[in-house]
Amino acid sequence: MSVRHYETMFIVKPTLTAEEIAAQIDIVKNNIEKNGGEIVSTEDIGSRQLAYQINKHKRGYYYVMYFKAPANAILELERNYRINENILRFIFIKYESKKEIAAWTKMSEEAAKKSN
């Protein structure tokens, strides 16, 4: 099965404590790895103002992960996001062409530099 390049960004409820937010991030990381994915880099964007209110929240905690995973893993990862009440929103972006994968590599390297 072919492995594809993905980026996921999710927004965690701002009402959680720092430890609870870290636990939510670990849950997502574990789900990616449990489904055959390999996390290449992460970017902790932190608490930001939302463009519009979501479930009465004006702010959210943003986190981005760059990872490689089999295509069939994404459905299970989406299901896990949907049943997690602490995640307000999420998105997956798939990078397929050589040009897109080059962009993915550059962004994941920049994220890795920021996190060090």
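The model is predicted.

**Overall fold**

- The chain contains three helices and four strands.
- Read from the N terminus, these elements follow the order β-α-β-β-α-β-α.
- The radius of gyration is 14 Å, which agrees with the value near 13 Å that a compact globule of 116 residues would have.
- The C-alpha trace extends over about 40 × 30 × 25 Å along its principal axes.
- Contacts between residues at least 6 apart in sequence join residues at least 24 apart in 73% of cases.

**Surface and burial**

- Buried residues make up 39% of the 116 in the chain.

**The S2–S3 loop and His 57**

- Asn 55 sits in the loop that connects strand S2 (38–54) with strand S3 (57–70), and Lys 56 is also placed in the loop between S2 and S3.
- Asn 55 has a phi near 50°, a positive value in a residue other than glycine.
- Lys 56 likewise has a positive phi without being glycine, with a value near 70°.
- Asn 55 counts as exposed because its relative accessibility is 59%, above the 50% cut-off.
- Lys 56 is classed as exposed too, with a relative accessibility of 77%.
- His 57 belongs to strand S3.
- The relative accessible area of His 57 is 14%, so this residue is buried; the limit for that class is under 20%.
- Leaving aside residues up to four places away in sequence, His 57 touches Lys 13, Pro 14, Thr 15, Leu 50, Tyr 52 and Leu 88.

**Aromatic pairs**

- The chain has eight aromatic pairs under the ring-centre criterion.
- One of them is Phe 10 with Tyr 81, a tilted pair with centres 5.7 Å apart and 45° between the planes.
- This pair links distant parts of the chain, since Phe 10 is in strand S1 (residues 3–12) and Tyr 81 is in helix H2 (residues 73–83), 71 residues apart.
- Phe 10 is buried, with a relative accessibility of 0%.
- Tyr 81 is also buried, with a relative accessibility of 5%.
- Tyr 81 forms a further pair with Phe 90, and here the rings are stacked: 4.5 Å centre to centre, with 20° between the planes.
- The labels of the two pairs follow from the plane angles, because planes under 30 degrees apart count as stacked, those over 60 as edge-to-face and the rest as tilted.
- Phe 90 has a relative accessible area of 26% and is therefore partly exposed.
- Ring pairs join Tyr 6, Phe 10, Tyr 63, Phe 67, Tyr 81, Phe 90 and Phe 92 into a cluster.

Note on methods. Residues are numbered from 1 along each chain as its sequence is written. This is a predicted model: local features need pLDDT of at least 70, side-chain atom pairs count only at pLDDT 80 or more; totals for chains, interfaces and linings use all residues. Side-chain values use heavy atoms; hydrogens and water are left out. Helices (H or I, at least four residues) and strands (E, at least two) are DSSP runs, numbered from the N terminus. The radius of gyration is taken over C-alpha atoms; the globule rule is 2.2 Å times the number of residues to the power 0.38. Buried means under 20% relative accessible area, exposed over 50%, partly exposed in between (1.4 Å probe, protein chains only). Contact means heavy atoms within 4.5 Å. Rings of Phe, Tyr and Trp (its six-membered ring) pair if their centres lie within 6.5 Å; planes under 30 degrees apart count as stacked, over 60 as edge-to-face and the rest as tilted.
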